[in-house]
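Please find below some short notes on this model, arranged as numbered points.

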Amino acid sequence: MIGLGLHDVVVRYPGLDAPAVDRVSVDVAPGEVLALLGPSGCGKSSLLRAVAGLEPLASGSVTWDGVSVADVPVHRRGFGLVFQDGQLFTHRDVLGNVAYGLRGSGQARVSELLELVGLAGYERRAVATLSGGERQRVALARALAPSPRLLLLDEPLSALDRSLRERLAVDLRAVLVATGTTAVLVTHDQDEAFAVADRVAVIAAGVLLQVASPPDLWRRPASREVARFLGYEAFVPASSAAAAPLRDLVPPGSGSVLALAEGAFVVDPVAPVAKGTVVGITSRRGRSEVRVDVPGIGPVTALGPVGARWAAGDVVGLGVDGDAVAALD
Amino acid sequence: MSAPTLTRPAPAAAPSGAPVRGRRGGLAWFWVVAVALPLVFLGLFFAWPVVAMISRGFVVDGSLDLSGFADVFSRPRTWRIVGLTILQATVATTIAVLLGVPGAYVLYRRRWRGRAFVRALVTVPFVLPTVVVGVAFRSLLVSGGPLGFLHLDGTLVAIIAALVFFDYAVVVRGVGGMWERLDPRAEQAARALGASPWRAFRTVTLPALTPAIASSASLVFLFCATAFGTVLVLGGLQFGTIETEIWVQTTQFLDLRAAAVLSVVQLVIVGAALSLAGRARSRRERALALSSSASSVRPLTLRRAPGTPPRDGHGLALAAAGVTALVVVLLCLPLVNLVVRSLHVGDGWGLDHYAALGSTSGGMTVSVWTATLTSLRTALVATVLALVVGGLVALVVSRRPRAVAGRRAVAGLDALFMLPLGVSAVTVGFGFLLSMHEPFGLPIDLRTSGVLVPIAQAVVAVPLVVRTVLPVLRAIDPRLKQAAATLGASPGRVLRSVDLALATRSIGLAVGFAFAASLGEFGATSFLARPDDPTLPVLIFRLIGRPGPDSYGMALAASVVLAVLTAGIVAACERLRAPGSGGDW
């Protein structure tokens, strides 16, 4: 077994009956990026901290290249960790932060890493003068500097605003790929998980529900719980009459229930395959999102053209989009 | 996510290097020493003398004898002193809080030219040696002094005024440090909901400040209830606290039983005040919505700022500023008067009193300058001792062990090491006299050697060091240390490069406080200083007890010297304090 191995990992906190992490087993191959995806409080951060050696294991094991790291203290594991709020050393400048984990001065290595994260020339800046995004870039450079065997990222982008988060997610993926770093990313944002990771592990209430590559996870969620968390909002039996226009969008015989994500229906007055009653309208990035009540399915979110106007109660014709429909067992 | 997913190159080879088991032996030894050294030091030089002193009162011919209690409590004098102690402390605390809260607002929540200077100025009385405060108030109130017409010399009013003078800064700094960082948006939300400025203050800001106010008030109560030097100088034999009464009983009446009983009574009162302070503090350490001070501090102007409507709280701010201005003037009065009077020679003015500081005229054993050198030397040794012991205590108590038992042990140590703050310095000093004659059967008499003076001063200074350094160590986010560990730093390196690096400034401040406290220490030192080698406060006390205007003038001049020394040292170390770093004083 090469890389990181988790076998039946259990993490408990004193005074709580339910374990924070309940028998989770998953492997991460060298060079792979795994995302732990789940709602807040689901135990994904506890799992990450247990891998780092910051929380004791109640049972189970964490291995690297097949060897248990139970007896290795945090600072000798060679597992880097990036916190949600960076946790930069305010009493050191950027250089002092990035060089902290290096032996010797490592000036060249620091410059190389700062360039990699897009902060070339920032060596002498005080940490307090950096913006939120810059801080996280420094935190990433600092964690990468000692060439960790494994990089752990605990919601590294969650404290940033949305547009910055989306831009940094792309940069993060690029940096991890460029350095060939094995990494585990914890996040509650499925867009972020899909953008950064090779494989995504969905966790709820401390239990691992499914591990798959982003496209596989999207097309074949293992359960309603996983599907709901990914953004599927309506479920309809494949055999029902209302599901007729959707059935052909999934491979035949692939499941008994169809899951519909936002946008499974598209407003299409020209060649409608279904009809729905408008309940409300919102807008995202200019496009209209229409809440429509489709008979036999219930309220779903359909995409409409920019600037479209309807009133509640209007009946609109709907087309379908196969990329937003999945089959469940 | 719209971004295309990058394909990755062939996985890089995993970094080699098998993990090595950590060297934990050295660090474990460090913690053993860090716990044992303070325990041994305080056990030897605090617990043992105090127990020796108290047991002297309750053990007669080898058996326990509690009749001392009944005897001492049947004396009307005891009840009068206990009543006086509580009365003085309660009244002084109430006044200090009523004046200190507006002061905290003006000095910490508002920005104005000269604020830094006034902040430093109001701190001066707190760091002044108690004997100097006493002398300064006497020189103000004696007949012939500037306020002699009030006939307050030797009254309860004078004592309470001096206690407020001394402790005003405790409230201002304790409450101000909190107020400075209090998120203003809660109050703004209340205003937007229709509350007047006064109502918003009363219903939102004041409750948020209550833990800080309670914590400061209990500290002030503590300092007032155990006041020694100030009360001894101002109160004569008519007024006193339990602390001065212990001194009177042991040195004047030689009644050790009464002194022991009073020590126990004092311990009970102080224990109550300390546990109140502790509870208030732990509530304060619970999360409050705090912001950086930059966003919550607004400029203070005499006229309403252009663009602000009337009835927007400007009147409240002006009232607070007025009260604070008056207090600052009143604080300056004794200080200025002390300097002026020290220059007053006969009917004219001159530096004669200062010139006399080098002489040993009038039957004095040493000159003031010699005593000053003695004071500086002992304070230096005491500071080093207090820093080592207090620093280790702060380090140990700031740990957060995972195990429940470990956490309890840390909490226990925390309370244990705070005890010297509460037990009377007089008890410690007198306990030293009782216990250090041939200690452990060794044929040496430590009492006459003079080595006990810095040790006793260090015992008194240890809680100051702990309370200055501990909040900073506790405020360090544990994840910062975890980040260092995941970067490969060993526990020892984490301690050096994170804990110590971040606490450096507070350690500098602690040095200043410990040095100032040792320099001005009077309660314990008055017992232990050798007659031929007194410290400066002891010499000043002797000087004011001597008849004649020249001795009195010298006492004033020596007080000025001592005041300048302590204030200068604290001011130098104060520059090290990080803005908004809080702490109790």
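1. In this predicted model, three strands of chain A form an open sheet in the order 11-12-18, and their pairing is antiparallel. Strand 11 (232-237) and strand 18 (325-328) of chain A are the edge strands, since each pairs on one side only. From one strand to the next, the twist averages 30°.

2. Within that sheet, strand 12 (residues 257-261) of chain A runs antiparallel to strand 18 of chain A, and four bridges join the two. Opposite Leu258(A) stands Ala327(A), a residue of strand 18 of chain A. In general, the strands of a sheet pair through backbone hydrogen bonds, in either a parallel or an antiparallel manner.

3. On confidence, the mean pLDDT of chain A is 89, and 99% of the residues score at least 70.

4. Chain B contains 23 helices and six strands. Of its 585 residues, 45% are buried. Among the contacts in chain B with a separation of 6 or more, 80% are between residues 24 or more positions apart.

5. Where the chains meet, 28 residues of chain B are in contact with 40 residues of chain A. Helix 19 (478-486) and helix 20 (491-520) of chain B each supply at least two residues to the side of chain B that touches chain A. Helix 19 of chain B gives the most, with seven residues. By class, this side of chain B has 19 nonpolar, five polar and four charged residues.

Notes:
Residues are numbered from 1 along each chain as its sequence is written. Chains are lettered from A and ligands numbered from 1 in the order in which they are written. This is a predicted model: local features need pLDDT of at least 70, side-chain atom pairs count only at pLDDT 80 or more; totals for chains, interfaces and linings use all residues. A residue is buried if 20 or more other C-beta atoms lie within 10 Å of its own, exposed if 12 or fewer, and partly exposed in between; C-beta atoms are placed from the backbone. Two residues are in contact if their C-beta atoms, placed from the backbone, lie within 7 Å. Ala, Val, Leu, Ile, Met, Phe, Trp, Tyr, Cys and Pro count as nonpolar, Asp, Glu, Lys and Arg as charged, and the others, Gly among them, as polar. pLDDT is the predictor's confidence in each residue, from 0 to 100. Two strands pair if DSSP finds at least two bridges between them. Axes are lines fitted to C-alpha atoms, for helices over the stretch in contact, and angles run from 0 to 180 degrees between N-to-C directions.
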